[in-house]
Amino acid sequence: MRAACWEGKSKIKVEKVPDPTILNDRDAIVRITSTAICGSDLHIYSGFIPTMRRGDILGHEFMGEVVEVGSGVGNLRVGDRVVVPFPIACGACNACRNEAYSICENSNPNAAVAEKLMGHSPAGIFGYSHMLGGFAGGQAEYVRVPFADVGPFKVEDDLTDEQVLFLTDIFPTGFMGAEMCDIKGGETIAVWGAGPVGQFAVASAYLLGAERVIAIDRFEYRLAYARKAGAETLNYEDVDVLEALREMTGGRGPDAVIDAVGMEAHHAVGAVHAYDRGKQMARQEFDRPHALREAILAVRNGGTVSVVGVYGGFVDKFPMHAVINRSLTIKAGQCHVHRYLRPLYDRIRNGDIDPSFVISHRMRLSDTPEGYRIFRDKLDECNKIVLTP
Amino acid sequence: MSRSPDSRGAPRLARALGVASLGLGAAQLAMPRRVAKAAGVDDSPAAHPVILAVGARELLHAAGLLGSKKRRGTWATTRVLGDAMDLAVLGVALRGRSGARRRRTTLATAAVAGITALDVVATVKERRAGRVAGGPQSFAATITVNKPRQEVYRFWRQLSNLPSFMTHLESVEATGAGRSRWTATGPAGKKVTWDAEVTDDTPGRAIAWRSVPGATAPNSGVVRFADAPGDRGTEVRVELTVEVPGGVVGRAVALLFGENPEQQVRDDLRRFKQVMETGEVLRSDGTPEGTRAGRMLTQNVAQPAGVR
């Protein structure tokens, strides 16, 4: 089959590789019909995710048709149309029983490596480094899906791929970002990063009853997407974000803030950006946490900081004094996608939301390298790329 | 968690490194320009002072390693830190160089990397020598399994189940009267067999075993089962003791229990949890044989292997 392989920093190649096979009884093989490039794939592309190896197949947002099932998979049949959550989860450990699927205790064969860096290991993830399992990803024609009796979610034929594909990651991720804000009604929520996850966070915050949502980015076209989802917007290259947010909230600050940016943030002040960029290049610091720092400073006293942006290691200059002295709550997590599949699928079916609004580009799998380039460099107003084999 | 009294050769290695420090430091102070040329950095004005500083540092190390016996572990540790500095400096130097200079810098980097490896070994040996006095090696590891205690106990008690999660074991067969025959695959695929007996069997609580006299690598172990608080399943704790006989043969046999036996016990337990909770040892394209920490550096690429 053909698959998009990581061949080093800023280098993706579509290569011919062997077809996947059943390795465990609970596996299924899925023929990919649609897959997408995620913002978090760009961290790999930029070389910031440790334990990648040349040749690793990328991609964790994919859906398709079941073409083979292992003997231990009772609930799927060949021909079923499924979306597949990006975290791999066994369904049986304590974490899974508590619906915390992205911290499944059994799905990372390389847990020992993750433990060294993080203390304990999270779940394995498709196409996302060896520290997170060494699983081949889904930017390919076929993919092997472990624990296929737990992850894949059957979708009906009258919904298009583009409507349901983002259930695999970014829609639930944005939704969980909003959910962690503990919205009860009437809140003002600020979202850093108006990329697709930020756009879904904006839409989800409204679905959950927020009064106002403010999106922060530097790309006008992305802010336009956020406005389509109902947000007020701030371009941090034009305004002082902290000042603007104080102004917009009667001096209180937003009730909760969402970091939908992660480790490769930019800073309006060149010198600050250069400081963290330099440390990151020297591997003195893995992440550039500008958005997170600013979000912490912006949130109101007693507010909640919800982090769904991806980080790869240690951060510097973390304003812990603000967290303790102002009684802030930090909530974070890779999305427990499985938990949200049914409720969000129902919302799509009801017509509450049509996630395909984020798509800006439709490309072929063979164009994946070009896709990564324009997505990273924000060329051609690139917002979200869907690939078909 | 582990005690590994592997201190043989520690003082010798540390002394040898001390002599090496003396030689290198003297050379760097006496003829910095030749050192710069050898390392391919003679084009940089910064090279001269850096080499002098490193030379002084090396002489300090030599004094430490050759002088005080007590502090040798500390000096070996600071050598590792020094190596890290050198590697960083050479890394920067590599970036800006090409051609013959780059080749020389690469060679110098490789040499320092080799020395770093020796320094790490020396540090570990010195530290272990300082702590433990010898005797059998013991290892322990623990994990929580989300299954009732009796069920977890029963699975383990059926000793023929052990190879399903202890990858170095090929088979365990009951031979009657509380005895069993264990077969393991050792280094270079060589099979090793020994007999063991269950010395304690407290249903639902603990199982202890030991090899019967005559085993090439006498070993014993105990696994204990306890309820995890708040209905979180069962806490499983394994303690393993391996008597390492002397000589080359003993060394090879000890490898049965892995290059890093403690990590192996942890891996075994992780697979045990997977088998108990999910019914299988999860494989990935990078790790097709399932979790095995020792393979981390030599993983397959994350793409299908193409074998059925």
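**A strand and its two partners**

A: Strand β3 (residues 28-36) of chain A and strand β17 (residues 385-388) of chain A run antiparallel and share two bridges. Before going on, the ground rules: this is a predicted model, where local features need pLDDT of at least 70 and side-chain atom pairs count only at pLDDT 80 or more, while totals for chains, interfaces and linings use all residues. Residues are numbered from 1 along each chain as its sequence is written, and chains are lettered from A and ligands numbered from 1 in the order in which they are written. Helices (H or I, at least four residues) and strands (E, at least two) are DSSP runs, numbered from the N terminus. Strands count as paired if DSSP finds at least two bridges between them.

Zooming in on that pairing, A:Ala36 has A:Val386 of β17(A) as its bridge partner. β17(A) also takes part in a parallel pairing: four bridges join it to strand β16 (residues 361-364) of chain A. There, A:Met363 is bridged to A:Leu387 of β17(A).

Next stop is A:Val14, which belongs to strand β2 (residues 12-16) of chain A. If you skip neighbours within four places in sequence, A:Val14 is in contact (C-beta atoms, placed from the backbone, within 7 Å) with A:Arg2, A:Ala4, A:Leu365, A:Ser366, A:Thr368 and A:Pro369. With 17 other C-beta atoms within 10 Å, A:Val14 comes out as partly exposed. For burial, 20 or more other C-beta atoms within 10 Å of a residue's own means buried, 12 or fewer means exposed, and in between is partly exposed, again with C-beta atoms placed from the backbone.

Chain A also has an open sheet of six strands, paired in parallel in the order β12-β11-β10-β13-β14-β15. β12 (232-235) and β15 (329-332) of chain A sit at the edges with a single partner strand each, so one side of each has no neighbour in the sheet. On average, neighbouring strands here are turned by 20 degrees against each other, direction ignored. Angles run from 0 to 180 degrees between N-to-C directions, and axes are lines fitted to C-alpha atoms, for helices over the stretch in contact. Inside this sheet, strand β10 (residues 188-192) of chain A pairs with strand β11 (residues 212-217) of chain A over five bridges, in the parallel sense. A:Ala190 has A:Ile214 of β11(A) as its bridge partner. Helix α6 (residues 196-207) of chain A packs on the sheet, touching β10, β11 and β13 (256-259) of chain A, and its direction makes about 170 degrees with that of β11(A).

Now for some helix packing. Helix α5 (residues 170-179) and helix α12 (residues 337-350) of chain A have axes 9 Å apart and an angle of about 100 degrees. On the α5(A) side the contact uses A:Phe171, A:Pro172, A:Phe175 and A:Met176, and on the α12(A) side A:Val337, A:Tyr340 and A:Leu344. By class that is seven nonpolar residues, no polar and no charged. Nonpolar here is Ala, Val, Leu, Ile, Met, Phe, Trp, Tyr, Cys and Pro; charged is Asp, Glu, Lys and Arg; the others, Gly among them, are polar.

Zooming out, chain A has 13 helices and 17 strands. Its radius of gyration is 20 Å, close to the 21 Å from the globule rule for 389 residues, so chain A is as compact as a globular protein of that length. The radius is taken over C-alpha atoms, and the rule is 2.2 Å times the number of residues to the power 0.38. The C-alpha trace spans about 60 × 50 × 45 Å along its principal axes. Of the 389 residues, 56% count as buried. Among contacts in chain A with a separation of 6 or more, 73% link residues 24 or more positions apart.

Finally, the neighbour: 37 residues from chain A and 32 residues from chain B make up the contact between the chains. On the chain A side, β1 (2-6), α2 (94-97) and α3 (111-118) each give two or more residues. α3(A) gives the most, with three residues.

Definitions and conventions
Two residues are in contact if their C-beta atoms, placed from the backbone, lie within 7 Å.
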